[in-house]
Structures are given as structure tokens and as C-alpha cells.
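User: I have a chain open on my screen and would like to talk through some of its details with you. Could we go place by place?

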Amino acid sequence: MAATFPTVDKCTSNGREKHMVVADMDGTLLRGRSSFPYFALIAFEVGGILRLLFLLLVTPLAGLLYYFISESSGIQVLIFATFAGVRVSEIESVARAVLPKFYSSDLHPESWRVLSACEKRCILTANPRIMVEPFLKDFLGFDTVLGTEIATYKGKATGFVCLPGVLVGKKKADALKKAFGDVQPEIGLGDRHTDIPFMKLCKEGYMVPAEPEVEAVTNDKLPKPIIFHDGRLVLKPTPLMALLTLLWLPVGFFLACLRISAGALLPMPLVYYAFWALGVRVTVKGTPPPPPKKSTGQSGVLFICSHRTLLDPIFLSTALGRPIPAVTYSVSRLSEFISPIKTVRLSRDRARDASMIKKLLEEGDLAICPEGTTCREPFLLRFSALFAELTDELVPVAMVNRMSMFHGTTARGWKGMDPFYFFMNPSPAYEVTFLNKLPAELTCGSGKSSHDVANYIQRVIAASLSYEYTGFTRKDKYRALAGNDGTVVEKPLLQPNKVMGC
């Protein structure tokens, strides 16, 4: 039956400006024919290790049902294992903050060529609408998303689906007729025989073949780039990768505890070598300034670092071979407990903050690692501008880290676990680049405004990292990823504490 339709490469994209296209998702819009990795991402993000393990254990059953009984029953098993008992708001959060990056890296070039040429775009998918709609509408500009509707009770998913059930086969055709009535779409795209019923309702139908392998659409061809991303997993969790991740977690957690203990208990000059012995790679570039000489009354240097994780000031201290106090405005209690360095929490009182920071700079070097170092960030400008008024000894530092399994930072989850996730990577790496100290003529001491100095530092760090200006702020990031503006409840603390950094 599939042979009755030509392949998608035969579909012209010229003159489609007023046309409507309807497409399946897995295997059609996306190159991959399996939706397991996306269910696995949700399972891990909302339920952690146990939920991912449960999903992995029932996957063989889902596969047997899918291939030998019916597509809908196999997908229903995946939906139940992933969603049962999970808050709907958490599912929406993962769909908005985590899935878009993985979906966008798997777009089929031929399908997207046709879809992007049409004015109106509609997706018909067996996947739950709640997990695919944010990406399709916000990033690809789809007008209509018709997918399986999950059942809910008191704000939580039950694991079951609403009538008419999982959208496969004839149910896709029924959903299309219900949505558009007598309007006949110009193009229908599918990849398997169960897509034929809805494709017959279109004026033209095209099949997307599984072979040969094709390269995914590149990011520069997307209508809207993926700027913000959250989530713990670095790689797309195929069944094999999910299994390897679960097997590595106990080993990785033990290794993380060992690495954190080494950083917290050993003298800072030895931490660099201990990290290398434990598989943590620290690369130092540039020429760091020597420690200040208190005997001559020399004030400390202010290191202004780009923000990657909570561990930024730890690796700055590791690179320098001496502990550098850090300034922040929030930190978790767990990070506070395991930290090898001293941190000062800023308040909202500018005069009090300035007095404390000036005192710390008189005692030695100091570091700040504010978020938004390379974008338009009002908080960063206030943050950096405050320091620029207090000292002319300013050294920008560009931070880069590499992780192969887990991301060491999150906007949605508990940030107290950030250090553990970073150190659970088999061989995590940090690259610390010391840039040139700001010339005297570019500091506040030479008449420059503090905001001009802060903006200049941002541009220098961004240029070093080859980052582009986006115009987004820290609030934009947290609204996109966590559904809030990232505001931290103010605590009346401005005393030095042993904490993890910023």
C-alpha cells in the first residue's frame, strides 16, 4: 500500500505559499522512527533514576505489543510508564525546556523542505500532544498539533489516554476530518502504512522512506534557534544509552563523592593534581596575575568570570592554586556544606555590599561568576558595575566546560545536585582562560562609568568564547526554562561563609 504514494523527494516545494501540509511526526518530520528517547527524557527529568528504570523495564513489552499486536497498545505502555502520577505542570515544563533541543537535532531535511514551504502546517501524531506541542508551535511555527490526549486527575496524569485513544491509523484520519471538516489539505506526509488513512484525505500524498540515512536539518535553517536548554542528560537516551546511563549512575555517584571530597579536603595547590588523577581535566590558558603582596599594601584582583556552573569559582581557584573567595546572591545549603572556598552573599543593600566587598578586596583576590556574562543582563550590569566602582584591578576570565553524560547545571531542578551531576561524568573538563587585565584607561579610575566598564568586560569575554549577542536576560532564561523569573528570596546574609561559589 505504501508504494502507491511517491517518496517525499518527488514533492516540489515551489508555489506552496498558500498550501496546507499535514504530516506525521516520528519517521516523517523527525528522522528517528522511535519516540522512546523523548519518553525517556521526560521520565528521567520528572521521576529520576527509578522512573527511567521502570520505563526501560517495560520497553520490551511495549515493543512486542507495538510490532505484533497494535501500535496503539505499545505506545499506551510507554505513556503509562512515563506519565502515571506525574504533575501535568512538570510534563509541560520538560516539554518546554528540555525536549526542543533534542527534537530540533533530528529534523528530516526533505520533510522540512516541504513543510517550511507551506503556509499552514499541521502535525498528526500518536505522541501525547502535551510533549510535542511547545516545540512544534514555538520553534517550527506549526498552526495545529493533533496528538494523543493524556487523562488527568487533580492536576496529575493518570497514565491513561482520553478518547478516542492513541492517534494511529483511522483515528488520525478522523482527527483530521474533525479539525478541518471539508477542507482538504494539499499535502500529506507519512512514513508507514498506518499513515495512509489520513494521507488519502489530502490532494497529494508522499512517503518518507526510512533509508537511506540523511543528515538532519542544521540549526541555521530553523525558523527560531534553540537558545535556552535545560535538563540533566547530554545525549539522546536511546534504549542502549539509557541502559548505560543507569549502569553508570552508581559508579558515577561514588566517583563524584570522591572528586568532591578531594576538592574540599586537600590543600588548593594539590587539588589540580588530584583532579587529574581522578579523571577531571583542568586546562589553564593565559597568564594569571600573581597573588597580591599584603606587605606592600597591594589590593586584591577582581576576577570576573563567565558563568557555566556552580563550580566556576572552584575551578578558578584550582587553576590559580590558591582559594579565591567568591561573591554570589544565592547558594544551596548542600553546596554551602561541601564547599572548599569562602563566599559572600550579596544583599539588595548597595551600601552594605560595597563596604563588605571593599574590605574583602583589601584582604586579597575576589571572584564573581554572574549569570548572563555574555548577554544583555540588568542584574549582571548592577553586579559588575558595583565592583567596577570599587577597584581598577579587573581581570576577565572565560570559562568553558565539557560534559559527556550529564549537564552540571539546571534552572528547573535542585541546584544542590549540580556539583554531583558534573562530577558524575566519566571525564569532565574545565578550561579556564585568563584574559588581559583591563587597561587603566578603561577603568572607573580613569573616568569611565561603571556600566561602561561592565559592558566592556562582557564584550571581551563574549569575543573570547565566540559567543553572539542575543538580547536575552537572565529573567528571559528562567521564564523559558522554569516558568519563573529566577528571583531568589532575599536572605539577610552578608557574612563570609564556607560555601560552594556562585
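User: To start, in which loop is P164 found?
Analyst: Bear in mind throughout that this is a predicted model. P164 is found in the loop between strand 5 (156-161) and helix 7 (170-180).

User: And what is the peptide bond from L163 to P164, cis or trans?
Analyst: The bond from L163 to P164 is cis, and its omega is near 10 degrees. As background, most peptide bonds are trans.

User: Staying with backbone angles, what is the phi of K154, and where is its place?
Analyst: K154 has a positive phi of about 55 degrees although it is not a glycine, and its place is in the loop between strand 4 (150-153) and strand 5. In general, most residues other than glycine have a negative phi.

User: Does K154 count as buried or exposed?
Analyst: K154 counts as exposed, because its relative accessibility is 71% and the cut-off for exposed is over 50%.

User: Which polar contact joins its side chain to another one, and which backbone nitrogen does the side chain of D365 reach?
Analyst: The side chains of D365 and R322 are joined by a polar contact of 2.6 Å, and the side chain of D365 also reaches the backbone nitrogen of V301, at 2.7 Å. Leaving aside residues up to four places away in sequence, D365 touches P291, P292, G300, V301, F303, R322, I324 and P325.

User: There's another aspartate, D220. Buried or exposed?
Analyst: D220 counts as exposed, because its relative accessibility is 64%. D220 lies in the loop between strand 7 (204-207) and helix 9 (239-265), and its side chain is joined to that of T218 by a polar contact of 2.5 Å.

User: On to helices. How do helix 1 and helix 2 cross?
Analyst: The axes of helix 1 (residues 36-68) and helix 2 (residues 71-83) come within 7 Å and cross at roughly 155 degrees. The two helices are therefore roughly antiparallel to each other, since angles over 145 degrees count that way, and their crossing is right-handed.

User: Which residues are buried in helix 5, and what covers them?
Analyst: In helix 5 (residues 109-117), the buried residues are S111, W112, V114, L115 and A117. What covers them includes strand 1 (20-23), strand 2 (120-128) and strand 6 (187-190).

User: Last one, for the chain as a whole: how many helices and strands are there, and what share of residues counts as buried?
Analyst: The chain has 17 helices and 15 strands, and 53% of its 502 residues count as buried. Among contacts between residues at least 6 apart in sequence, 76% join residues at least 24 apart.

Methods:
Residues numbered from 1 in each chain as written. Predicted model: local features only at pLDDT ≥ 70, side-chain atom pairs only at ≥ 80, totals over all residues. Heavy atoms only, no water. Axes fitted to C-alpha atoms, helices over the stretch in contact; angles between N-to-C directions. Helix = DSSP H or I, 4+ residues; strand = E, 2+ residues; numbered from the N terminus. Parallel < 35°, antiparallel > 145°, perpendicular 65-115°, else oblique. Left-handed = near helix turned anticlockwise from the far one by under 90°. Polar contact = N/O pair within 3.5 Å; in protein donor to acceptor, adjacent residues only side chain to side chain. Contact = heavy atoms within 4.5 Å. Buried < 20%, exposed > 50% of the residue type's maximum accessible area, 1.4 Å probe, protein only.
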